[in-house]
Amino acid sequence: MKLELKNVSLTVGGETHIYPTSLRLADSGFNTLLGTTLSGKTTLMQLMAGLIKPTEGEIWFNDRDVTGVPVQKRNISMVYQQFINYPNLTVYENIASPLRVARVTRSEIDTRVRQMADLMKLGPMLQRKPAELSGGQQQRTAIARALVKDADLVLLDEPLANLDFKLREELRDELPRMFADRHRTVVYATTEPSEALLLGGHTVALHEGHIVEFGPTSHLYRNPATLLAAKVFSEPPINAIPVTKHGARFAIDEASTWDAHDDAAALADGPYVIGLRPHHVSPIANGPSSVAIDGHVLITELSGSESVVHFSRAEETWISQSHGIHAIEVGETAKFYFDPSNALLFSPSGERIGGSATGGDA
Amino acid sequence: MARITLDNLRHSYMRAPKSRDDYALKQLDVAWEDGGAYALLGPSGCGKTTLLNIISGLLRPSEGRVWFDDDDVTDLPPDARHIAQVFQFPVVYDTMTVFDNLAFPLRNRGVNETVVKSRVQEIAEMTDLTAMLNQRASGLTADGKQKISLGRGLVREDVNVIMFDEPLTVIDPHLKWQLRSKLKELHHRIQTTMIYVTHDQTEALTFADQVVVMHDGEVVQIGTPVELFERPKHTFVGHFIGSPGMNVLPASVANGAIHFAGIPVDVDNPVDLTAGQTAEIGVRPEFVRFSDDGIAVEINKVSDAGRYRVVSAIADGHRINLLIGEDQDIPAAGARVAFDATQTRLYADGWLAGEGAGQ
């Protein structure tokens, strides 16, 4: 069950919504579309589903060109941010509805609905109406309906966005298991990098209608090919810091320098950019190789178990996220530390160079 | 600005409530100091919106009083309470400019135009809206509009309290960071009492000096973020705060010894329970580690969360979550886990043992 976009683009009224995109999605696990609001996630899903036709390019499914084939003629399920259920029907009938449309036998409907209800932990609620359920249960009903008809392509557009934090955590934990039983293409849209990470599978990083990068989720997070991909896939925002290489050393300024090893040593002198995730910047020195910088503290956010400190240095604003409570006064100048082996190295235009900013892999 | 006291509050939407369950708000005594940053945290349906409406005057409590400093405001209508509110969806007058939007609450109260001008400029500077003052509000992005809502909440100098009702729910994560730190900075600068209502623990814990955790119409704990994280008074608080939440495991207590799955466990608060009480052990995933001589577990699932991995392990049919750092190893087979005894606690009927129920 492979979905492939071949040079697909979408222009509406002279305005480009999706720039030319080629993509071959994975047919097991999640394909997560990660990007901000208006980055093109929903549009891309509508193109995949055949709800809208691309201006250019082709959409292939299982080695068949399905460009222009309307959604009704394809075996597709969609789940939206707003839980959509039939309010007058019981949970049982809600889940059964696509099977009734497909004229599946009554006994098979019963078997499949009950199986699906067990998987979604809706067994005891089958005779209730959607309004008598919690938000999480309503969304599980909508997901159950999307899964029961064995669609080849399942599109989930921010399905957890309207749920409470804890319900979101619970469903996010359960979702991969719900889809683990067979091969089909699952596409999931989210604005949250942490959600993309926890769902695993593959991730498509999107920015303003461009596919920035596609790859296995953990790999894309740790080895983004561009600074833009690193930015799309970082929460809190990644620190992008200009540095200069001079001889065998990198420098942020005269006081904060470190050795360039291996491949990095061979790079031409000049300006570069390092990407440092906030959890790699700490108010506590982390090992002999750590580099110290002076930061002017702007804001501290202490969450009970960790500290997030926003600070400025020269023209830059940095974020540090660390374990434990570090009550640094706002307005103070404090020392912060990072290990350059955790820094991703980029060219000034944002192209990834080698591994880390010391050399070797990040 | 004012100190806010909620005195013996109870509220029921029924005309003649009989049992405790008939109350949407069961019993509430809270004192919020002038100039503090507070959060009301709880899941949907826990009563936080009811409470917010009682403070703002949209709802009169069935029982109890609301005090602003030494004034009883229980019977005052909303407009006499001098409260500013910021809602989940930005309330913006699209046809007006950003300036006129910010000026609205002041002009509405007949404030002199010279004062309006200087105050709007001051607030625009704080909320990064200076460059957009003459633009029409309709052209702004969601976070820009929410900044206007924020700015309008801050513009009056005579407000007793500013209340935020899920103000960041519709904002993208990367902008949430900016707005959250902006809000924190604004509180630092203007020092007005702020109450922030949310279901999102991260927002509550990072914003507030003190968090009120609500569940089923009751306050289960009031505390600083550190207290809520380190000493949850109820297993609900342990579960609700932290991601993933605290592991809560069934336990048995006999002769001062506490066991989980037949294995003795050291806790920070070893006390004997009274007969019939349900014993549970609570330990956060942060305080569980792999160990050579601990409880045997089977690893069920490993999720990559970036800066750490969440390991879900099963012991005796119960799930135990652990957080494992980027650079730590996960054993391939024969895994055993141990709990940090100083951060492992005994709970009796859901409440922290030895401390009794209540707040």
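Predicted model: local features only at pLDDT ≥ 70, side-chain atom pairs only at ≥ 80, totals over all residues.
**Exercise 1. The contact between the chains**

Solution. Start with the totals: chain A supplies 30 residues and chain B supplies 31 residues. Next, look along chain A for elements that give two or more residues to the side touching chain B. These are helix 5 (165–178), helix 6 (193–199), helix 7 (217–222), strand 16 (291–302) and strand 17 (306–313) of chain A. Helix 6 of chain A gives the most, with four residues. Finally, sort this side of chain A by class: 12 residues are nonpolar, 12 are polar and six are charged.

**Exercise 2. Each chain as a whole**

Task: How many helices and strands does chain A have, and how many does chain B have?

Solution. Take chain A to begin with. Chain A has nine helices and 21 strands, and its C-alpha atoms fill a box of roughly 75 × 45 × 35 Å along the principal axes. Of its 362 residues, 43% count as buried. Among contacts in chain A with a separation of 6 or more, 66% involve residues 24 or more positions apart.

Now turn to chain B. Chain B has eight helices and 22 strands, and the box for its C-alpha atoms is roughly 75 × 50 × 30 Å. Of the 359 residues of chain B, 43% count as buried. Of the contacts in chain B between residues at least 6 apart in sequence, 65% join residues at least 24 apart.

**Exercise 3. The nonpolar cores**

Task: Which residues have the most contacts inside the largest nonpolar core?

Solution. The largest nonpolar core has 89 residues, and those with the most contacts inside it are A:Met48, A:Ala144, A:Leu155, A:Val187, A:Ala205 and A:Ile274. Helix 4 of chain A brings the largest share of this core, six residues. Apart from this core lies another of 68 residues, among them B:Leu106, B:Leu129, B:Tyr196 and B:Met214.

**Exercise 4. Backbone details**

Task: Where does A:Pro236 lie, and where is the place of B:Pro244?

Solution. A:Pro236 is in the loop between helix 8 (227–232) and strand 11 (239–246) of chain A. The peptide bond leading from A:Glu235 to A:Pro236 is cis, with omega near 0°. In chain B, look in the loop between helix 8 (235–240) and strand 11 (247–250) for B:Pro244; the bond from B:Ser243 to B:Pro244 is cis, with omega near -5°.

Task: Is A:Glu208 buried or partly exposed?

Solution. Go to the loop between strand 9 (202–207) and strand 10 (210–216) of chain A, where A:Glu208 lies. A:Glu208 is not a glycine, yet its phi is positive, about 45°. Because 14 other C-beta atoms lie within 10 Å, A:Glu208 is partly exposed.

Note on methods:
Residues numbered from 1 in each chain as written. Chains lettered and ligands numbered in written order. Contact = placed C-beta atoms within 7 Å. Nonpolar A, V, L, I, M, F, W, Y, C, P; charged D, E, K, R; others polar. Buried ≥ 20, exposed ≤ 12 C-beta atoms within 10 Å, placed from the backbone. Core = buried A, V, L, I, M, F, W, Y, C linked by C-beta atoms within 7 Å.
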